[in-house]
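Subject: Structure handover

Dear colleague,

I am passing on to you the structure we spoke about, and below it I have set out what was found when it was examined. Please read the notes with the structure open beside them.

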Amino acid sequence: MNTDPVVTHPDLQLIALDVNGEQHEVMTEPRRTLVDVLRHELRLTGTHVGCEHGICGACTVLVDDRPVRACLMFAAQAEGMRIRTVESLADGGHGGGGHGGELNDLQRAFTEHHALQCGFCTPGFLMLAEGFLAEQPEATKEKIREVVASNLCRCTGYQTIVEAIDACATARRGACANPCNSPAGKEH
């Protein structure tokens, strides 16, 4: 008797995903979206499902360092790409998140600037901002405002989100000007 799931269930396929630096093999139907596989197969529930039409941005993750709506991408399309979810931020994301689940600099900026209320949209905004700041570290508040308009938030009015991202960008630029490993930039 053949117990190979691909043979016994021909509608399934085996895919390999690189998520947050870890390799995962997943048996799934080709029609499953990336957000569904992240949440239901890999139990990475920080990526939220909102509209399921690519409009709200709640499901934003980074795919090869670029923000992507995970509800619009099939999981099989992500094979061979680097996927980062909001869970990656506290575990070694930019700004020294490190072990122990400490918030990274962007998450801290969101907290300090009260850039979240109900929190449902926050993971999508964090991943959008993380990808955007990596691509455009010199972004102005106007450009940040333009980018965050692509995600929906019904609570904050966006101003605090813009302020948080701008504060994080400013701090990151300052850190680049004074590298931590240089004698002048060491904090001890």
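To begin with the sheet: how many bridges join strand β3 to β4, and do the two run parallel or antiparallel? Four bridges join β3, which covers residues 60-63, to β4, and the two strands run antiparallel; within this pairing, Thr60 has Arg69 of β4 as its bridge partner. Please bear in mind throughout that this is a predicted model.

For an overall view, the protein chain holds seven helices and five strands, and from the N terminus on these elements follow the order α-β-β-α-β-β-β-α-α-α-α-α. Of its 188 residues, 41% count as buried, and the chain exposes about 10,300 Å², of which carbon and sulfur atoms supply 54%. Among contacts in the chain with a separation of 6 or more, 51% are between residues 24 or more positions apart.

The five strands form an open sheet in the order β2-β1-β5-β3-β4, with mixed pairing. Because β2 (22-28) and β4 (66-69) stand at the edges, each with a single partner strand, one side of each is left without a neighbour in the sheet. From one strand to the next, the twist averages 40°.

Elsewhere in the sheet, β1 (residues 13-19) pairs with β2 in the antiparallel sense over seven bridges, and Ile15 has Val26 of β2 as its bridge partner. The hairpin of β1 and β2 has two residues between the strands, and in it Asn20 takes a positive phi near 55°. On the other hand, β1 and β5 run parallel and are joined by two bridges, with Arg82 in β5 as the bridge partner of Asp18. Helix α5 (residues 122-135) lies across β3, β4 and β5 (82-84), and runs at about 35° to β3.

Leaving aside its neighbours within four places in sequence, Val148 is in contact with Phe125, Leu128, Tyr158, Ile161, Val162 and Ile165.

Finally, a word on the cysteines. A disulfide is a covalent bond between the sulfur atoms of two cysteines. With a pair of cysteine sulfur atoms counted as a disulfide if they lie within 2.5 Å, the count comes to zero disulfides. Cys56 is in no disulfide, and the nearest cysteine sulfur, that of Cys51, is 3.8 Å away; Cys56 has a relative accessible area of 13% and is therefore buried. Cys59 is likewise in no disulfide, the nearest cysteine sulfur being that of Cys71 at 3.7 Å, and Cys59, at 3% relative accessibility, counts as buried.

With kind regards

Note on methods: Residues numbered from 1 in each chain as written. Predicted model: local features only at pLDDT ≥ 70, side-chain atom pairs only at ≥ 80, totals over all residues. Heavy atoms only, no water. Pairing = 2+ DSSP bridges. Axes fitted to C-alpha atoms, helices over the stretch in contact; angles between N-to-C directions. Contact = heavy atoms within 4.5 Å. Buried < 20%, exposed > 50% of the residue type's maximum accessible area, 1.4 Å probe, protein only. Areas by Shrake-Rupley, 256 points an atom, 1.4 Å probe, with all protein chains shown as cover.
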